[in-house]
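Open the model in your viewer and keep the selection panel at hand. Each stop below says what to select next and what is there.

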Amino acid sequence: MKRLDDILSGAGRILVTGHVRPDGDCVGACLAVRAYAAAAFPEAQVDVCLEPFSPTFDFLKGSGDVIAAPEGAYDLVLVLDASSFDRITESAVPAFQTAGRTFCIDHHVTNTMFAQETHVEAEASSTCEVLFGLMREDRIDAEIARCLYLGIVHDTGVFKHSNTGERTMRIAGRLISLGAVPARIIDDTFYAKTFVQNRLLGRALVRAQLFCDGAIVCSWISKEDLDREGAGSQDIEGIIDQLRVTQGTRIAVFLYELALNEWKVSLRANDTVDVAAVAAEFGGGGHVKAAGCSLSGSLNDCANTLLERLAQEV
Ligand code: 5GP
Ligand code: MN
């Protein structure tokens, strides 16, 4: 197994990137690696390229230096938390295709091994948990600890999803010792909701319907809903988690419309149903209990297609 120092060493220009619509794990991972590389390899130039992300992550070191589109050639492109080529930050794709080396660090069971080299730990809660294991602990300062802790908090839903293991908790404990402040990170970046985010959550909950005798709960937010609230796709995070805790349900389904008739689907399983496998059938992927895909068409057509397929699982 290669350690992070081995992966980074020898590269003059390094690009770190993640997946489209970056979440806490993705942003935390990218900024942690940037801070780590900058300290361990001061002669290297390390850029982070990501799509816009939640302003609640702005307190992390290096968030202000994230670039929208990289320029020039890179010796190494490091892709974090992205499971397939079509999930890579779009503006980073040319740099990925022309890079001297490409390396992917991830925790998705559906990783397609799209990079030249890949390190996947499918049983890890998050890419940030994987990174902790690849980093030299004596190089993890308080800034890096905050980034990694934030990523673990977001991908475990604050240590409550089934991906939270003993190792996750031990690493989180170490990160607190190294300087991460749990209350601040958990409240300010995970639970805090804007007024508009709460209104969208309310709308989705009022609309939710049960199918298959209550085994499946499904709701949606349209582009029109988002436009009316002046909201974007980052404002619907957390809705699927609230749908998932509906008592008696085995699968939660949430659709949101990115552009007219272009739907992004979030799937969550409460028991043994493998939603990653179902998502993969629709060109998506993810984890066994948390996965997603994209669908084109009317809301009715997309929802019916999904529900018919999911009905076979319950
Ligand atoms: P979410 O529902 O939070 O957007 O995504 C849940 C999980 O499924 C995440 O780990 C995410 O990476 C994965 N996922 C979501 N959408 C897609 C997709 O379109 N393709 C793939 N391969 N994975 C996805
Ligand atoms: Mn992740």
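Start with Asp-25. This residue of the predicted model is buried, with a relative accessible area of 0%.

**Stop 1: the metal site**

Select the manganese ion (ligand 2). Which residues coordinate the ion? The donors come from Asp-25 (OD), Asp-81 (OD), His-107 (NE2) and Asp-155 (OD), at 2.2 to 2.4 Å. Along the chain these donors follow the spacing D-x55-D-x25-H-x47-D. Asp-25 sits in helix α2 (residues 24–40), while His-107 sits in the loop between β4 (101–106) and β5 (117–120), so the pair ties together parts that are 82 residues apart in sequence.

Next, pick Asp-81. It lies in the loop between β3 (76–80) and α3 (93–98). At 2% relative accessibility, Asp-81 counts as buried. Check its backbone torsions: phi is near 70 degrees, a positive value in a residue other than glycine. Most residues other than glycine have a negative phi.

Arg-21 is another such case. Its phi is near 45 degrees, again positive in a residue other than glycine. Look for Arg-21 in the loop between β1 (13–17) and α2. Buried or partly exposed? Arg-21 has 28% relative accessibility and counts as partly exposed.

**Stop 2: the five-stranded sheet**

Show strands β1 to β5 as a cartoon. Five strands form an open sheet in the order β2-β1-β3-β4-β5, and the pairing is parallel. At the edges stand β2 (45–49) and β5, each pairing on one side only. From one strand to the next, the twist averages 15 degrees.

Zoom in on β3 and β4. They pair in the parallel sense over five bridges. Val-77 has Thr-102 in β4 as its bridge partner. Helix α2 packs on this sheet and touches β1, β2 and β3; its direction makes about 145 degrees with that of β3. Then bring in α4, which lies across β3, β4 and β5 and runs at about 115 degrees to β4.

**Stop 3**

Select Leu-8. It belongs to helix α1 (residues 4–8). At 1% relative accessibility, Leu-8 counts as buried. Beyond its neighbours within four places in sequence, Leu-8 is in contact with Ile-14, Tyr-36, Ala-37, Phe-41, Leu-76 and Leu-78. Draw a distance from Leu-8 to Ala-40: the C-alpha atoms are 9.2 Å apart, with 32 residues of separation in sequence.

Move to Glu-129 in helix α4. What is its relative accessibility? The value is 3%, and Glu-129 counts as buried. Leaving aside neighbours within four places in sequence, the contacts of Glu-129 are Ala-124, Ile-152, Arg-167, Thr-168 and Ile-171.

**Stop 3: helix α5**

Select residues 142–155, which make up helix α5. At 1.5 Å a residue, its 14 residues should span 20 Å, and the end C-alpha atoms are 20 Å apart, which agrees.

Inspect both ends. At the start of α5, a side-chain oxygen of Asp-141 reaches to within 3.1 Å of the backbone nitrogen of Glu-143. After the helix comes Gly-157, whose phi is positive, near 60 degrees.

**Stop 4: the six-stranded sheet**

Select strands β6 to β11. Six strands form an open sheet in the order β6-β7-β8-β9-β11-β10, with mixed pairing. Strands β6 (209–211) and β10 (285–286) stand at the edges, each with a single partner strand, so one side of each is left without a neighbour in the sheet.

Focus on β7 (residues 216–221) and β8 (residues 251–259). They pair in the parallel sense over six bridges. Ser-219 stands opposite Phe-254 in β8.

Finish with two helices. Helix α8 (residues 195–207) packs on the sheet, touching β6, β7 and β8, and its direction makes about 135 degrees with that of β7. Helix α12 (residues 299–311) also packs on the sheet; it touches β6, β7, β8, β9 (262–269) and β11 (290–296), and its direction makes about 155 degrees with that of β8.

How values were computed:
Residues numbered from 1 in each chain as written. Chains lettered and ligands numbered in written order. Predicted model: local features only at pLDDT ≥ 70, side-chain atom pairs only at ≥ 80, totals over all residues. Heavy atoms only, no water. Pairing = 2+ DSSP bridges. Helix = DSSP H or I, 4+ residues; strand = E, 2+ residues; numbered from the N terminus. Contact = heavy atoms within 4.5 Å. Axes fitted to C-alpha atoms, helices over the stretch in contact; angles between N-to-C directions. Donors = N, O, S within 2.8 Å, 3.2 Å for Na, K, Ca; no water. Buried < 20%, exposed > 50% of the residue type's maximum accessible area, 1.4 Å probe, protein only. Expected span 1.5 Å × (residues − 1). Polar contact = N/O pair within 3.5 Å; in protein donor to acceptor, adjacent residues only side chain to side chain.
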